[in-house]
Amino acid sequence: MAPLIAIKYDRDGGLQLLDQRLLPHSQKWLPVDTPEDAFAHIKDMVVRGAPAIGVTGALALAVHLTRGGAGAQFRSAGDCVAEVERVMDYLVKSRPTAVNLADSATKLKAVARRAAAEAGATAESVTAAVVEAAEATLEEDVAANKAIGAAGARALLDAVAARGRTRSGGKVRVLTHCNTGSLATAAYGTALGVLRALHEAGALEHAYCTETRPYNQGARLTAFELVHDGLPATLICDSAAAALMAAGDVDAVVVGADRVVANGDTANKIGTYSLGIAAAHHSLPFFVAAPTTTLDASLPDGGAIVIEQRPPEEITHFRGQRVAADGIGVWNPCFDVVPGSLVEGIVTEKGLVPRDPDSGDHAVRAFMRALGLWQPQPQANGAAKGKPRAEAAPAAHDPESELAAGDGEGGTVVGRPLGEEGVRAYLASRPVLAAHVGPPETAASWEVEVRADGNINFVYLVTGPDGGLCVKESLPYVRCVGESWPLSRDRCRIEAEALRLQHRLAPAHAPRVFHYDGGRSLIAMEFIAPPATILRGAIVAGRTFPALAGHVATFLASTLFHTSLLALDSRTFRAQVIKFTNPDLCALTEQVVFTDPYFPSPINRCTPALQPDVDALHADAPAKAAAAALKALFCTRAEALVHGDLHTGSILVTESSSVMIDPEFLYTGPLAFDPAKIIGELLIPFFASDGLGAQAEGGVADRAAQREWLLATIVDIWEGFSTKFLALWTEAANGTGPAGDLVPRDVVGASAPSGPAALAAQQAAFMRQLFADVVAIAGAVIIRRLVGIAHTADMDSIRDDGARAACERRALRFGRHLLVEGPAAHADIASVVAAAAAARRTERLPA
């Protein structure tokens, strides 16, 4: 049979693409007459596979240049260069993950510039040089694929033999994933080319291919190619691969790649990471087959790769009909990243990428440098090697990500916020999101409020004719400090999943998430429209919210109980601990709440008049010991999923509603932390009220009513939470609610011998310890807001330095009291608020 091809091209007949969405049932060729056609066909996956996309982009440029008059349409060589750059920059945006298209763009733009620099250059000569280079990509890809096939077959057979797995006759059984054959390349294929080479050598006993998402490219395309070529093959579900390995029916795995970065981390179709883990577990060699055009030395590791998200309808619908429950959230990445440590070898047309003898990583940069394919980027402004540059242009291969490449060897990836125009373009390009704001064509009129007043992230409130969205963007560092304090972007994933969980458990008090983009580290969520306002600012303005306490109590009880061992079995609980491991932000809390306030940390700050009190704190051994004990509790006691940052700046309120936001600090920690955090944060404006009232317009304002409300709210939050939490616990014991492994009904249930008495004793002991922890943590929360890095507007809004210092001194001393003496001094919340009221009267404000 004639060999399969997915791309037809000749200079007279133009460019045609096989519509791979219709395979294997129908073969239809679509013309590519314009760059816009190519963009649409790449985006819609008419053509797919990183090499094929790169070739398509190059040939689409050739068609565009020749159909426009072979250069005669341009006034000068410079105009031709500008058009080449415009078209290729445009096409690169069609698929951000695969690097081959960006590589084609870089090379063709360089060809255009060199041709234009030659003596006597004309638009026609530049066009001819670019078209020749574009057409060469087709032939070069075919030759590269056959070289990859031969090298990969040898490497795979050697690796299998080294493990003693070679079968009778020297044959092997090989598993592959997605489609990497003639339909994904110019012809022959990369990983599938390895299988073809094995078959041609008589060494392939059997091939297994996975069905693959999205678009079932393994089932529709790879299976089609295997049958077409007559290879012995079997199709399996993605989820069956590990079982097939366990059965001993797989000797090796070979996959393709959309991007291989400097340390060998590899982006490929979603599910490849699972295969890498399963292969490692079963001691099977795992190979990546990719041309050198897929190697990206500019990115240091897989964390810098943008992962494309596919529409949720690909999972929730089948043939236009919804098959999933309406309202369910969807996470549908097109790719994942396999760590280089799981990869036995990276096979290219130039041979295998060697390993660094010191680190053991795949030495992609050294390999490409030796081939003359890559050079380290020059240092910007004399920056030290390995340090992040203050300014860097977006990487040419990745225009959507706005990530800058690092400093050549071992560089750091620098994130840049979207900004107003970027967030408009992001939402407008995604119809499902734009529907919450307005028609995409109205995007220019959408209002974007950039909320960069937080300490960690950027927040955009986007409103239009049809409503609004809140967009939160997480950069790889602490926003208020900069790149010198790096943070993992995984916190964005944690926050998205936390919000979804909290919305399920307390739907009235957590926003709904509509979209999570792992590559961009971005969440698009429900816009809580005015008159909703941030609680902290409203308190500073003198307002009160009688419904707040009940709402916070409900949120705390629902989220903490249902994520604890009181409601979960131990297996589910342990999986939850792993899923929400949040080391960077936990470390941040450990540092700024429990460590920095107790010594002269360079990032601390305080009101100058408070310095003697701060010096005393730094010499306060009991306070240091108490803080150290709380830090140990925070690090080691895993009881429930805690919000981790539940303060007055993380609550949106109206007279009748309260919505808790920003759970990016969420992790499995001490159940006391959340109630303590909000109680401490409400005590701070209580002590600030005198200073705020004294500067009110028109003279001194009486904030007595607000102080009374603040203390009553603290009481009602604790008592409401305790009542609701214990009610859920009792329901679990009595069989009317979910029961976890800490509520064995045979032991504490209503029908168990002495069950109710045992339950009551368990609950009383638990709540006594919980309250003691809450009191101490609340004290630490107050202290860190006065002497640490992050203060609050409650105190900072007091304009008179003397008044502010007096208010802060009262609060600091009371915080120290709660931290050190509080757990023993206070048996209930009423005692705490009475002590706060007394502490406020200990020092008069300056006249």
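The expected span of a helix is 1.5 Å times one less than its number of residues. The model shown in these views is predicted.

**View 1. Helix α3 and its buried face.** Helix α3 covers residues 77-92, and its 16 residues should span 22 Å at 1.5 Å a residue; the end C-alpha atoms are 23 Å apart, which agrees. Buried in α3 are A77, C80, V81, E83, V84, V87, M88, L91 and V92. Around the helix axis these residues cover an arc of only 160°, so they sit on the same side of α3. Among the elements covering them are α1 (35-43), α2 (50-67), α4 (100-117) and α5 (123-162).

View 2. The buried residues here are I829, V832, V833, A836, A837, A839 and R840. Viewed down the axis of α28, they fall within an arc of 165° and therefore line one face of the helix. Their cover includes α21 (673-694), α22 (704-733), α24 (755-787) and α26 (801-820). At the N-terminal end, D828 caps α28, with a side-chain oxygen 3.3 Å from the backbone nitrogen of A830.

**View 3. The annotated residue D258.** An unreviewed UniProt entry places the feature "active site" at D258. D258 lies in the loop between β7 (252-255) and β8 (259-261). Because its relative accessible area is 9%, below the 20% limit for burial, D258 counts as buried.

Notes:
Residues numbered from 1 in each chain as written. Predicted model: local features only at pLDDT ≥ 70, side-chain atom pairs only at ≥ 80, totals over all residues. Heavy atoms only, no water. UniProt positions renumbered as here; feature names shortened; annotations may be inferred. Helix = DSSP H or I, 4+ residues; strand = E, 2+ residues; numbered from the N terminus. Buried < 20%, exposed > 50% of the residue type's maximum accessible area, 1.4 Å probe, protein only. Arc of directions from axis to C-beta. Contact = heavy atoms within 4.5 Å. Polar contact = N/O pair within 3.5 Å; in protein donor to acceptor, adjacent residues only side chain to side chain.
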